[in-house]
Amino acid sequence: MLVDLSFRLLSRLPLSWLHRLGGWAGWLVYRASPSYARRLRANLFNALGREDEAVLRAAVAEAGRQAMELPWIWLRPAEEVVASAVRTEGWELVEQARADGVGILFITPHLGCFEITAQCIAARIPITVLYRPPRKPALQPLMEAGRARGQMRTAPADLSGVRKLVKTLRSHEAVGMLPDQVPGEGEGVWAPFFGKPAWTMTLAARLAAVKGVRVIYTWAERLPRGEGYLFRLQAPTEALTGDLETDVAIINREVERIILQCPQQYLWGYNRYKQPRGGEMAAGGGGA
């Protein structure tokens with residue numbers, strides 16, 4: 001009840017206020033949790049190959065903004081949320097795919113406001129997104145309300161959900177997913193991510209291998225001062241091969257390229273290099 005009330009009260013604030021509060025909240029968490037701070041610094045240093053104090057400071061604040069904007073993204077009217085994407089770059093890729101009659105696999109990393117991308121797509125075309133319940137059960141009804149919008153449908157993160165995604169793609173419709181979550185045992189392979197072995201889901205590569213599917217990478221870059229978002233779509237730079245492990249590594253490289261276009265807005269505090277329960281650690285692997 002308290003979580004629901006807090007979210008509803010926060011959703012009434014202007015986005016600019018939430019982003020300002022989020023910046024402060026990001027630093028509060030960073031100062032309060034030494035393990036989180038170490039992981040964020042280590043992951044960022046590993047990706048950039050150098051210390052960059054400006055990017056580090058921005059990343060701390062942006063992580064807080066990502067959390068604080070959720071009530072607004074989930075609970076404000078759908079039209080208002082979609083309108084906050086004040087610019088769109090690359091939508092012609094979607095139009096061409098639709099004209100060609102192919103299914104579309106939208107791949108979105110944990111970059112910027114990743115919760116808004118499917119809403120922006122669903123305002124224009126049908127899309128089915130992979131759904132994984134939040135760790136805090138109190139957030140589930142709020143999340144479901146935020147994702148039951150426009151032409152968006154959800155698929156559970158289990159075998160039935162995967163079958164639904166495949167069926168959707170074969171029907172020449174769109175699917176959306178985040179590729180950089182750590183999967184469970186038996187659901188991934190070890191693949192390089194910024195030069196370190198990371199237990200990486202195979203689902204994105206498997207869905208991309210469905211006949212007649214086109215991959216489009218997408219993310220929403222957070223604009224300064226709560227001015228909204230830049231909704232960006234890009235075509236892959238590397239062709240997939242059809243070999244599962246090779247394609248998982250290719251998708252990781254594509255995600256790296258996107259992240260480095262806006263490194264301050266990636267969730268570096270996420271434990272991307274953790275070992276799955278029951279899984280064997282790859283040589284050179286380990287938590288950041």
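Which residue forms a salt bridge with R153, and how far apart are the closest N and O atoms? The partner is E173, and the closest N and O atoms lie 2.7 Å apart. Here a salt bridge is a side-chain nitrogen of Lys or Arg within 4 Å of a carboxyl oxygen of Asp or Glu. The model is a predicted one, in which local features need a pLDDT of at least 70 and side-chain atom pairs count only at pLDDT 80 or more, while totals for chains, interfaces and linings use all residues. Residues are numbered from 1 along each chain as its sequence is written, and side-chain values use heavy atoms, with hydrogens and water left out.

The pLDDT, the predictor's confidence in each residue on a scale from 0 to 100, averages 91 for the protein, and 93% of the residues score at least 70. Residues 282-288 have a pLDDT below 50, and this stretch makes 17 contacts in the model beyond near neighbours in sequence. A contact means heavy atoms within 4.5 Å.

The opening pair can now be placed in the fold. Helices (H or I, at least four residues) and strands (E, at least two) are DSSP runs, numbered from the N terminus. Both partners are partly exposed: the relative accessible area is 28% for E173 and 33% for R153. On this scale, buried means under 20% relative accessible area, exposed means over 50%, and partly exposed is in between (1.4 Å probe, protein chains only).

Across the whole structure, the search finds 13 salt bridges. In one of them, the side chains of R222 and E62 meet with an N to O distance of 2.6 Å. This pair links distant parts of the chain, with R222 in strand β8 (residues 213-222) and E62 in helix α4 (residues 53-68), 160 residues apart. R222 is buried at 4% relative accessible area, and E62 is also buried, at 12%. E62 and R222 belong to a network of salt bridges that also links R65 and E69.

Another salt bridge joins E89 and R232, whose closest N and O atoms are 3.7 Å apart. E89 lies in strand β1 (residues 85-89) and R232 in strand β9 (residues 229-234), so the pair ties together parts that are 143 residues apart in sequence.

What about empty space inside the model? Rolling a probe the size of a water molecule over the atoms shows where empty space is left. The structure holds one cavity of 30 Å³ or more, and about 30 Å³ of space lies in the largest cavity. A cavity is a set of points, on a 1 Å grid over the protein atoms alone, where a 1.4 Å probe fits but cannot get out; lining residues have an atom within 4 Å of a point. Grid points are joined across faces, edges and corners, and the volume is the space filled by probe spheres set on the points. The lining consists of N43, F193, Y266, L267, W268, Y270, R272 and Y273. These divide into six nonpolar residues, one polar and one charged. In this grouping, Ala, Val, Leu, Ile, Met, Phe, Trp, Tyr, Cys and Pro count as nonpolar, Asp, Glu, Lys and Arg as charged, and the others, Gly among them, as polar.

The backbone also deserves a look. Most residues other than glycine have a negative phi. H172, in the loop between α10 and β5, has a positive phi of about 65 degrees although it is not a glycine. F194 likewise has a positive phi, of about 55 degrees, and is placed in the loop between β6 (188-193) and β7 (196-201). H172 is partly exposed at 44% relative accessibility, while F194 is buried at 9%.

L21, in helix α2 (residues 15-32), has its C-alpha atom 7.4 Å from that of R65, 44 residues apart along the chain. R132, in the loop between β3 (127-131) and α9 (140-147), is 38 residues from R170 in sequence and 22 Å from R170 in space, C-alpha to C-alpha.

How values were computed
1 Å grid on protein atoms, 1.4 Å probe; cavity = no way out; pocket = protein on both sides within 12 Å on 5 of 7 lines; lining within 4 Å.
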